[in-house]
Amino acid sequence: MSWEMVDEGWGRRAAEFATLSEPAQCREYVAMHHRLAVGGGDRLLDMACGSGLALELAGIRGATCAGIDASPRLIAIARDRSPDADIRVGDMEDLPWADESFDIVTSFRGIWGTTPAAVDEAHRVLAPDGRLGITVWGNVGKSPGAWMMQPFQWATDDKIRHQADMVALGRPGVGEAFLVDRGFDVAERFEIPFSFEYPDPETYARGLAATGPAYEAIESIGEDDFVARATELARSQVRDGLPLRGTIEVFGYVGTKR
Ligand SMILES: C[S@@+](CC[C@H](N)C(=O)[O-])C[C@H]1O[C@@H](n2cnc3c(N)ncnc32)[C@H](O)[C@@H]1O
């Protein structure tokens with residue numbers, strides 16, 4: 001699939017993604033920014049930045065921020081949130097920045113085993129000794145919050161196999177080897193805090209339906225059916241007085257450009 005097609009799934013409910021789903025990911029962003037010691041004076045690029053909450057948080061820490069994503073509708077939100085940042089629509093496998101433009105490159109579940117060219121591009125735009133921080137899905141199926149991502153399995157078998165390829169970097173040793181082969185010195189993978197939270201089953205279903213992988217299921221079963229089935233799934237998880245919460249295994253890698 002060409003990168004221009006990505007907006008079809010990721011952009012169709014951009015405002016709902018940005019306000020219902022993305023905020024829960026702040027734990028992940030804060031943990032990685034802390035690990036990378038993001039601070040004043042850092043030139044930071046976020047690849048596959050989506051609607052830009054991670055960028056906004058890096059800006060609050062004092063970094064000078066840039067971002068890129070394939071979805072124009074997500075990028076419109078990222079620009080609205082961080083008007084001073086250099087945020088572009090484009091392909092992370094062909095970055096529109098010069099060599100050695102950044103001190104830090106991040107990507108939150110945006111770089112996969114299927115996108116080695118994106119890591120080569122991250123390497124190219126990093127200054128010598130620049131830091132790369134990426135997060136990847138771990139074993140989603142064995143995570144306590146696995147039920148929350150179960151609706152993604154309502155896609156066709158082909159799409160589900162592709163989703164599995166995309167999470168390959170979470171396996172022990174695989175992500176480290178992938179980054180070492182592409183010119184980074186890499187520390188061991190570490191766990192990243194990651195939990196989705198929604199106030200009720202209806203909001204969960206809407207938030208989930210706004211994501212790219214949900215669109216793959218929606219193409220199979222239709223949006224009404226997707227939302228109805230996801231709402232029903234979440235009803236069994238309601239806890240009195242508490243939000244729906246699903247913790248998913250996510251790993252982080254930090255590398256330094258050799
Ligand atoms: C799993 S989402 C992660 C988004 C964001 N990092 C976050 O934390 O919410 C994957 C993102 O990758 C973007 N994407 C997919 N292929 C891309 C490509 N070739 N170049 C740039 N962005 C891409 C999608 O538009 C989507 O925003």
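Biologist: Which residues come nearest to the ligand?

Modeller: In this predicted model, Trp3, Ala48, Gly50, Ala70 and Met92 come nearest, out of 21 residues around the ligand.

Biologist: Why is helix 3 called oblique to helix 4?

Modeller: Helix 3 (residues 26-35) and helix 4 (residues 53-60) pack at about 45°, axes 10 Å apart. Roughly parallel needs an angle under 35 degrees and roughly perpendicular runs from 65 to 115, so helix 3 is oblique to helix 4. Their crossing is right-handed.

Biologist: How do you know which residues of helix 3 and helix 4 meet?

Modeller: Contact takes C-beta atoms within 7 Å. On that basis Cys26, Tyr29, Val30 and His33 in helix 3 meet Leu53, Ala54, Leu57 and Ala58 in helix 4. That contact counts seven nonpolar residues, one polar and no charged.

Biologist: What about helix 2 and helix 10, why are they oblique to each other?

Modeller: The axes of helix 2 (residues 14-21) and helix 10 (residues 201-209) come within 8 Å and cross at roughly 130°. Roughly perpendicular stops at 115 and roughly antiparallel needs over 145, so oblique it is for helix 2 and helix 10. This crossing is left-handed.

Biologist: Which residues meet there, in helix 2 and helix 10?

Modeller: Glu16, Leu20 and Ser21 in helix 2 meet Thr203, Arg206 and Gly207 in helix 10. By class, that's one nonpolar, three polar and two charged.

Key: Residues numbered from 1 in each chain as written. Predicted model: local features only at pLDDT ≥ 70, side-chain atom pairs only at ≥ 80, totals over all residues. Near = placed C-beta within 6 Å. Axes fitted to C-alpha atoms, helices over the stretch in contact; angles between N-to-C directions. Helix = DSSP H or I, 4+ residues; strand = E, 2+ residues; numbered from the N terminus. Left-handed = near helix turned anticlockwise from the far one by under 90°. Contact = placed C-beta atoms within 7 Å. Nonpolar A, V, L, I, M, F, W, Y, C, P; charged D, E, K, R; others polar.
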